[in-house]
Amino acid sequence: MDNFSGGADVQLAKNAKVKEKVVFFEEVNVGDQITSLIKEPVTRTQIVRYAGASRDFNPIHHDEPFAQSAGMGGVFAHGMMSMAFLGQMVKEWCGHERLKKMKVRFINLTRPGDTLTCGGKITQKYQMGGENYIECEIFAQNQRNEMVTQGTATILLPLRGKK
Amino acid sequence: MEDPRTFIGKETPEFSFEVEKGNIRDFAVAIGDLDPMFYDEGYAKKTRFGGIIAPNTFSHTFRGEKTSLLRSIPQIGARIPQKLLHGEHEIEYFKAVRPGDTVTFKIKIADIYEREGKRSGKMDVVVLDIPCFNQDGEEVVKYRQTFVIRRQ
């Protein structure tokens, strides 16, 4: 992932995961785990890439002297990068556009070299207005098992045999 | 000194952002998600979406003049960006964001208050609400961003 050649398109095609997963409402229960997602270590290059792609150029994320003088002890990844990882975990588990709401708190910083692991579990299962929802706890932890980002996801699941 | 809380309810003019395929692909690459739904039109066409869609945190790219708005708040503005931290983020989803969409949004100051931090003492909190609409006037996402501004 940490290619700095700009030849991202070749990598994209090579690494494509083509099958979208579907999770049906009838098949899940409170307490079930969301399939976890282990990300590659975050690099300074990735932080710069994220700044460019999101157009969030707060220098605290890429300018080492600035981050030092701001009292942050050096640069760190955008909190939103960890939220994106959580969004990827949910999507890989149950498919695109199932999320109705995702809410997180940024608890600890992600430094270059940190490896985030995302996980979660179902805490509620309910029907409302003819739709089928689950509520999940979601979190991202670093390689020292410190909580980095934590929150909830509200997901609308399809019924089996129904689009 | 002017009370920062008088700025609650203040809203920016409308911003618009034209979503291009390349924006979506670059964002997907940056977060390390190589799902072809985000860049391969041929693949995406055959799915239930009928075309490329954006990753579910792509709305972070709809930025507008957020920094200027925060800088305009009395007593708090002078500490931005060096004392600014992103504390919380919430996204509500209504409709997929697609290439070719023109997303319009205003940034509104929903709340301003003080909080005692465990590690860094008294801090200011600013909450922004950003409802985002597509070119057909449909709300695509609404996001709420909570910023913490340290005093030391």
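# Notebook: a predicted model of chains A and B

**Entry 1. Confidence and conventions.** I first looked up chain B, whose mean pLDDT is 95, with 100% of its residues at 70 or more; pLDDT is the predictor's confidence in each residue, from 0 to 100. I noted ipTM 0.96 and pTM 0.94 for the model. This is a predicted model, in which local features need pLDDT of at least 70, side-chain atom pairs count only at pLDDT 80 or more, and totals for chains, interfaces and linings use all residues. Residues are numbered from 1 along each chain as its sequence is written, while chains are lettered from A and ligands numbered from 1 in the order in which they are written.

**Entry 2. Outline of chain B.** I recorded 3 helices and 6 strands in chain B. Helices (H or I, at least four residues) and strands (E, at least two) are DSSP runs, numbered from the N terminus. Read from the N terminus, the order of elements in chain B is β-α-α-α-β-β-β-β-β. The C-alpha trace of chain B spans about 60 × 30 × 20 Å along its principal axes. I found that 39% of the 152 residues of chain B count as buried. A residue is buried if 20 or more other C-beta atoms lie within 10 Å of its own, exposed if 12 or fewer, and partly exposed in between, with C-beta atoms placed from the backbone. I also looked at contacts in chain B between residues at least 6 apart in sequence: 68% of them join residues at least 24 apart. Two residues are in contact if their C-beta atoms, placed from the backbone, lie within 7 Å.

**Entry 3. Where the chains meet.** I noted that the contact takes 40 residues from chain A and 36 residues from chain B. On the side of chain B that touches chain A, helix 1 (21-31) and strand 2 of chain B are the elements that give two or more residues. Strand 2 of chain B gives the most there, with 9 residues. By class, that side of chain B has 17 nonpolar, 10 polar and 9 charged residues. Here Ala, Val, Leu, Ile, Met, Phe, Trp, Tyr, Cys and Pro count as nonpolar, Asp, Glu, Lys and Arg as charged, and the others, Gly among them, as polar.

**Entry 4. Strand 2 of chain A.** I then followed the pairing of this strand; two strands pair if DSSP finds at least two bridges between them. Strand 2 (residues 99-106) of chain A runs antiparallel to strand 5 (residues 147-156) of chain A, and 7 bridges join them. L99(A) has I155(A) in strand 5 of chain A as its bridge partner. Strand 2 of chain A is also joined by 5 bridges to strand 2 (residues 84-93) of chain B, again antiparallel. Across this pair, M102(A) has I91(B) as its bridge partner, and R105(A) stands opposite E88(B).

**Entry 5. I91(B).** Not counting residues up to four places away in sequence, I91(B) touches K101(A) and M102(A), together with T57(B), S59(B), V141(B) and Y143(B). The C-alpha atoms of I91(B) and I109(B), 18 residues apart along the chain, are separated by 16 Å.

**Entry 6. The core and helix 4 of chain A.** A nonpolar core is a set of buried Ala, Val, Leu, Ile, Met, Phe, Trp, Tyr and Cys residues joined through C-beta atoms within 7 Å. The largest one has 77 residues, of which F85(A), L86(A), V90(A) and I24(B) touch the most other members. Helix 4 (residues 79-94) of chain A gives the most to this core, with 10 residues. Among the residues that F85(A) touches are L37(A), L116(A) and I31(B). I noted that 15 of the 16 residues of helix 4 of chain A are buried, so this helix is largely enclosed by the rest of the structure. G95(A), with a positive phi near 105°, follows helix 4 of chain A.

**Entry 7. Backbone details.** I found a cis peptide bond from I80(B) to P81(B), with omega near 10°. P81(B) lies in the loop between helix 3 (66-71) and strand 2 of chain B. Q75(B) is placed in the loop between helix 3 and strand 2 of chain B, and its phi is positive, near 70°. Q75(B) counts as partly exposed, with 14 C-beta neighbours inside 10 Å.
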